[in-house]
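Reader: Hi! Could you walk me through this structure while I have it open?
Author: Happy to, let's have a look together.

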Amino acid sequence: MTFLPLTRHDALKAWADFLQGVGQYAKRRNHVEPLHRNVSRLSAALRFRTLLEDEILRAPLQEHPFHSVEKWVQEVCWRRYWKGWLERRPDVWDSWRRRVRELHETLPEATRQRVKAVAAGESGVACMDEIAQELIATGYVHNHARMWWASYWIHAERLPWELGADVFYRHLLDADPASNTLSWRWVAGLQTPGKTYLVRASNIEKYAPDLLISNRAGSERIADGAIAPVIAPEFANTTRQALIDYPAVVPTSGRRVGIWLHADDLLPEVGPLANLTPVSVAAFSQELDDCPIPALSERSIAAQEEALADGLARTAAHFSCPTEQSTHADPAACLDAWASKHGLEEVVAFAPTVGPVADLLPPVRQRLDKSGVALTLIRRASDAHAFELSGTGFFPFLEKMSRHLRHQKTLFPDL
Ligand SMILES: Cc1cc2nc3c(=O)[nH]c(=O)nc-3n(C[C@H](O)[C@H](O)[C@H](O)COP(=O)(O)OP(=O)(O)OC[C@H]3O[C@@H](n4cnc5c(N)ncnc54)[C@H](O)[C@@H]3O)c2cc1C
């Protein structure tokens, strides 16, 4: 089985394997084991939506009593909660990107060198370096190790959280604007103001004994009680905004339609776009190696391209229409040229969530508007519902989602 499944085929297979032991998830999930078989490793597939959250909730809820899969439901809900939280506060994403740019330009030389060393896994604290090296080598790190490393970066190394989030974003194959930015903010004490997460050697010893026993070098720096929290300043506007109200179905128009496929949802054959009869489907992505922030590692770019290619191949088969894929410095211009080449009157896409694809929307709208082509953005009903519930804290969200899922478990209208 692929270590970190990306394509639909691999993700479904990995999910089928993992489902057999999903009842053990709560007991095993916190342990950091060498091949991470105790967790699903489905995060990259979920990030690109070659697999839907609803798909990995439906079977556990149908086949198991709720209490035995509650932890699984809770973790999947964290993803949806973070997404909904950021949808209402897009400046948190913009502000993070601004700060990374500013910091890269203004960092004193000594700090810049330290950032480089810690990010490369050369900090001198062996267990933290092992985590950084795993990140670079595989594009994946277990959740608990992400928490330890982020905490070490912020509170022990006293480096800006924004630059640590940038290191993760660059290398994680599941790099997600919401889960990454908000988890880093949580460790830094910005999500729950004043409540930071502090790494402790005893916690690592309990959940990842191999990580410490193999090489204890530098471990005194993370000894219990050795770290005092850093209070991170808030730069973002976190005022809650209203959610954009996207339609959940494509209104019938009789127009010549094309589907714009993008990295936020690569599953148009499942859900509200499935019955369209597009003239063409296209995926246009930004030239990622050129884009300074957030920049991606070569491995991450390759993963994104693999996921897009898989999405297009499935789409071509499902809709029996031609597909196009290109990577360009100006994807909005490509999209416009594609619409005109096929005489499109309407471009339909899933509404992107806050992040790089949504950042393309203003120029895309402007170009299509000028060419007289309508842009229709669709939000899956289950996303709209989850985002609607994510207005306050996680636990009220979880309670409402759990109630909803227990009652809706045989429905899942999108599937
Ligand atoms: C500092 C930091 C940065 C992170 N950055 C990202 C990121 O860029 N992208 C990302 O998808 N996740 C991120 N996470 C959350 C979490 O670590 C990963 O989702 C998880 O480790 C992925 O592995 P898995 O698929 O094996 O998880 P499993 O334990 O098998 O969980 C199943 C799914 O539930 C969701 N999930 C589980 N835990 C969390 C969590 N704590 N927060 C949000 N969703 C969760 C994921 O979609 C995951 O695939 C981050 C966490 C921390 C502490």
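Author: We can go through the core, the ligand and the salt bridges in this predicted model.

Reader: Great. Which residues in the largest nonpolar core touch the most other members?
Author: Those are Met 128, Trp 148, Trp 149, Trp 153 and Ile 204, in a core of 115 residues. Helix α5 (residues 66-87) supplies the largest share of this core, with 10 residues.

Reader: What is Met 128 in contact with, leaving aside its neighbours within four places in sequence?
Author: Its partners are Trp 148, Trp 149, Tyr 152, Val 199, Ile 204 and Ile 222. There is also a second, separate core of 21 residues, and Tyr 246, Trp 260, Ala 339 and Val 364 are among them.

Reader: Nice. On to the ligand: which residues come nearest?
Author: Tyr 25, Ser 40, Arg 41, Tyr 140 and Asn 143 do, out of 27 residues around the ligand.

Reader: And where do polar atoms of the protein lie 3.4 Å from the ligand?
Author: A backbone N or O atom of Arg 79 is 3.4 Å from a ligand nitrogen, and a polar side-chain atom of Arg 146 is 3.4 Å from a ligand oxygen. Leu 42 has a polar backbone atom 3.1 Å from an oxygen of the ligand. On its own the ligand has 820 Å² of accessible area, and the protein covers 96% of that.

Reader: Changing topic, how many salt bridges does the structure hold?
Author: It holds 34. One of them joins Asp 166 and Arg 170, with the closest N and O atoms 3.1 Å apart. These two residues are separated by about one helical turn, because they sit 4 residues apart in helix α10 (residues 161-171).

Reader: Is Asp 166 buried or exposed?
Author: Asp 166 counts as buried, at 2% relative accessibility, while Arg 170 is partly exposed at 27%.

Reader: Which parts does the pair of Asp 265 and Arg 380 tie together?
Author: Their side chains meet in a salt bridge at 2.8 Å, N to O. Asp 265 lies in the loop between β1 and β2 (280-286) and Arg 380 in the loop between β5 (374-378) and α18 (381-389), so the bridge ties together parts that are 115 residues apart in sequence. Asp 265 is buried, with a relative accessible area of 3%, and Arg 380 counts as buried at 2%.

Reader: What else is linked with them in a network of salt bridges?
Author: The network includes Arg 49, Glu 53, Asp 54, Arg 79 and Asp 383 along with Asp 265 and Arg 380.

Note on methods
Residues are numbered from 1 along each chain as its sequence is written. This is a predicted model: local features need pLDDT of at least 70, side-chain atom pairs count only at pLDDT 80 or more; totals for chains, interfaces and linings use all residues. Side-chain values use heavy atoms; hydrogens and water are left out. A nonpolar core is a set of buried Ala, Val, Leu, Ile, Met, Phe, Trp, Tyr and Cys residues joined through side-chain atoms within 4.5 Å. Buried means under 20% relative accessible area, exposed over 50%, partly exposed in between (1.4 Å probe, protein chains only). Contact means heavy atoms within 4.5 Å. A residue is near a molecule or strand if one of its heavy atoms lies within 4 Å of it. A polar contact is a pair of N or O atoms within 3.5 Å; within protein, one must be able to donate a hydrogen and the other to accept it, and residues adjacent in sequence count only if both atoms are side-chain atoms. Accessible areas come from the Shrake-Rupley method with a 1.4 Å probe; for residues, only the protein chains shown count as cover. A salt bridge is a side-chain nitrogen of Lys or Arg within 4 Å of a carboxyl oxygen of Asp or Glu.
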